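Here is a short report on a two-chain model.

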Amino acid sequence: MEPIRSFESRTVVLPFTNIDTDQIIPARFLTTTTKEGLGQRAFADWRYEASGAPKPDFILNKPEARGCSILVAGRNFGCGSSREHAPWALLDFGFKAVISTEIADIFRNNSLKNGLLPIVVDEQSHQWLLQNPGASVRIDLEAGTVQLPTGASIKFTVERFARYCLLNGIDELGFLLQKDAAITSYEQAHA
Amino acid sequence: MNAKTLFEKVWEQHEVVPETVDTPAVLYIDLHLVHEVTSPQAFSLLRAQGLKVRRTDRTLATMDHSTPTDPDEVFGRVPIKVESAAKQVKELEKNCREFGVELLGLGNEQRGIVHVIGPELGATQPGKTIVCGDSHTATHGAFGALAFGIGTTEVGQVLATQCLLQRRPKTFGIEVQGRLQDGVTAKDLILAIIGKIGVSGGTGHVIEYRGSAIEALSMDERMTVCNMSIEAGARAGMIAPDETTYRYLKGRRFAPQGAQWNLAVERWRSLRTDAGAKFDRVVEFDADTLEPMITYGTHPGMVVPITGTVPNPANDAVHAKSLAYMGLSGGERLEGKPIQVVFIGSCTNARLSDLELAARVLKGRKVARGVRALVVPGSQQVKREAEANGLAKIFTDAGAEWRESGCSMCIGMNGDIVAKGEYAVSTSNRNFEGRQGAGSRTLLASPATAAAAAITGKVTDPRAFLTEMKSVVHS
Ligand code: SF4
């Protein structure tokens, strides 16, 4: 994985609470056996008509959403399924971070393992972000800050080990494989 | 010694390396359940890195999500209609063969929804750590296991190392006192709990369900409760094992046998929350006054008693959006609302006792004209039992469709879907937009409520239908 340190982008806002994984990637697209190409399917039922034509009013179809890599969403983003297809779809679409006041557990884990930053901010900063779609925001993982164009700097935390892996482009599987001796002795003690 | 919760005991017994400030715990996984949808990319990773499955004896695969429920497709008389699903099935067959993992494949008698067969085969046991690339893995917590859903990257990690990197979650005690009234089920209880604590109420926590109302539940009912822990946002749900648990497990395929059995039970008896152990959070709940529940919105926390009305909060744009999707208005009564589809199935409510309950309502009656009723057993074993004891005939006589086991309409990725704009009373666990098919409108409820809706073609309080009959099987 490529190390992630900081990046800047305009935001896209989906103000709804409880956006679940079935919205992020509807189940009918889960019959894939690879990770590629899911970005086209992200939010498919909100994005496309039944005919497959894009709905012009939906934010992700608007020209101003192009090139945005930060998604701001309502509380409890990513609830529901453990499908990793959800962060895969968001990453493939071009997102690098999701900001909310609350992010569901499994989705957060899955995101961190793929280099999509799940960022939880306080209510007040969240309100500002919701009310200022398209704002240019800078995310600095090393400093643990979201910098708003107002000059405000919002603190966020990412679980320490996940942060370390992201900053250094380290793969967790490699870390686990190094624990082989400890795993073997655990297995012997619990056989 | 410190007083400990059930969760803490199971967690600590599985720490290969305890967590530190800098690193999460390395947690050992006793049982890894695998299915076709969330595993292909994990096996690809193993292949790319030249890794093996570390413990094939702790790994068990089945197919349920994208697999068809039409017998002709299941038994290969006609090809699987959804082409990409057919490919996924092939892929799992190939992966299991190549990596030496036992697969309960399409034609296998022990196949079924992963969370139904784990317990049914006795693979799910008290005190185990159990994972699967599926959020409803929480179901297995009904046995006092620590069971939770993982993503595909983690599926790869467990395949390769039998371990996961985990931060210790917080604990949440939900105390349920009293007794469920007749016609009020475990499904109604868990829906009411989610309604109370909210769909993110359990985030970051492992719930332990406790109290007299929980102890009185059968294993099937306990599984229904734990199953929907994830709908409350919790990582897992657990119930301490007791005589009900041991009675259920004894003699099952993977359960300890002979002298091993007694030793195991002795060990399992220690898996209880000690008196004086502290939860990070506690909520109390009363089962006595509970009514059958039904959802009206687009997440499982949008739920009311079946006799209730759709809430009408002022200035709530999200609520309004949800009601617009559902085609419902605030203040509207739910009872009497016409419906087009009834789905009795899923890992929440497709075990034998769920089908029995539905049959108690449906026996000698007919599915209303214009209603499609689909009954999908949770496993092939449930299917065989229901056919042997007459339940299946009650369903088909009533005019319902009777299928091979699988996730079916719960997830709508296998050909079984609810059409756009249609209302479905479903015994599954998610009423998200489009969950049962693009534009589908789901009302979650118990098998009794679903069966009652099938007869009347409307949202119906099942209690009137239930009182008339005590036993349907063998009568
Ligand atoms: S029945 Fe539904 S909830 Fe259960 S495992 Fe299948 S798709 Fe998931």
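Helix H4 of chain A (residues 105–112) is largely enclosed by the rest of the structure, because seven of its eight residues are buried. These are A:Asp105, A:Ile106, A:Phe107, A:Asn109, A:Asn110, A:Ser111 and A:Leu112. Buried means under 20% relative accessible area, exposed over 50%, and partly exposed in between (1.4 Å probe, protein chains only). Helices (H or I, at least four residues) and strands (E, at least two) are DSSP runs, numbered from the N terminus.

The model is predicted: local features need pLDDT of at least 70, side-chain atom pairs count only at pLDDT 80 or more, and totals for chains, interfaces and linings use all residues. Residues are numbered from 1 along each chain as its sequence is written, chains are lettered from A and ligands numbered from 1 in the order written, and side-chain values use heavy atoms, with hydrogens and water left out.

**Interface**

Chain B brings 62 residues to the contact and chain A brings 51 residues. Contact means heavy atoms within 4.5 Å. About 4600 Å² is buried between chain B and chain A, and carbon and sulfur atoms give 58% of that area. Buried area is the accessible area (1.4 Å probe) that two parts lose on being put together, summed over both. Three residues, B:Gln41, B:Arg54 and B:Leu165, supply 12% of the area that chain B buries against chain A, more than any other three residues.

There are 28 residue pairs in polar contact between chain B and chain A (both at pLDDT 80 or more). A polar contact is a pair of N or O atoms within 3.5 Å; within protein, one must be able to donate a hydrogen and the other to accept it, and residues adjacent in sequence count only if both atoms are side-chain atoms. Several elements of chain B give two or more residues to the side that touches chain A, including strand S1 (15–17), helix H2 (40–49) and helix H12 (317–326). H6(B) gives the most to that side, with six residues. The residues on that side of chain B divide into 23 nonpolar, 25 polar and 14 charged. Here Ala, Val, Leu, Ile, Met, Phe, Trp, Tyr, Cys and Pro count as nonpolar, Asp, Glu, Lys and Arg as charged, and the others, Gly among them, as polar.

**Salt bridges**

The structure holds 42 salt bridges over all chains. Seven salt bridges are found across the interface of chain B and chain A. A salt bridge is a side-chain nitrogen of Lys or Arg within 4 Å of a carboxyl oxygen of Asp or Glu.

| Pair | N to O distance |
|---|---|
| A:Asp22 and B:Arg435 | 3.0 Å |
| A:Lys113 and B:Glu154 | 3.6 Å |
| B:Lys321 and B:Glu433 | 3.2 Å |
| B:Asp461 and B:Arg463 | 2.8 Å |

A:Lys113 lies in the loop between H4 and strand S4 (117–120) of chain A and B:Glu154 in helix H6 of chain B, so the pair joins two chains. Both A:Lys113 and B:Glu154 are buried.

B:Lys321 sits in helix H12 of chain B, and B:Glu433 in the loop between strand S18 (423–426) and strand S19 (441–444) of chain B, 112 residues apart. B:Lys321 is partly exposed, at 27% relative accessible area. B:Glu433 is buried, at 12%.

B:Asp461 counts as buried, with 13% relative accessibility. B:Arg463 counts as partly exposed, with 25%. A network of salt bridges links A:Asp180, A:Glu187, B:Arg54, B:Arg55 and B:Asp57.

**Cores and buried sites**

In soluble globular proteins, nonpolar side chains tend to be buried together. A nonpolar core is a set of buried Ala, Val, Leu, Ile, Met, Phe, Trp, Tyr and Cys residues joined through side-chain atoms within 4.5 Å. The largest nonpolar core has 85 residues; A:Phe43, A:Phe77 and B:Phe395 are among those with the most contacts inside it. Beyond four places in sequence, the residues that A:Phe43 touches include A:Leu14, A:Phe58, A:Phe77 and A:Leu90. Another core, of 84 residues, lies apart from it, with B:Phe7, B:Val10, B:Met219 and B:Ile239 among its members.

B:Leu159 belongs to helix H6 of chain B. B:Leu159 is buried, with a relative accessible area of 0%. Beyond four places in sequence, its contacts include B:His32, B:Phe43, B:Leu46 and B:Arg54.

B:His65 is in the loop between strand S4 (59–62) and helix H3 (71–74) of chain B. B:His65 counts as buried, at 8% relative accessibility. Its side chain makes a polar contact with the side chain of B:His35 (3.4 Å).
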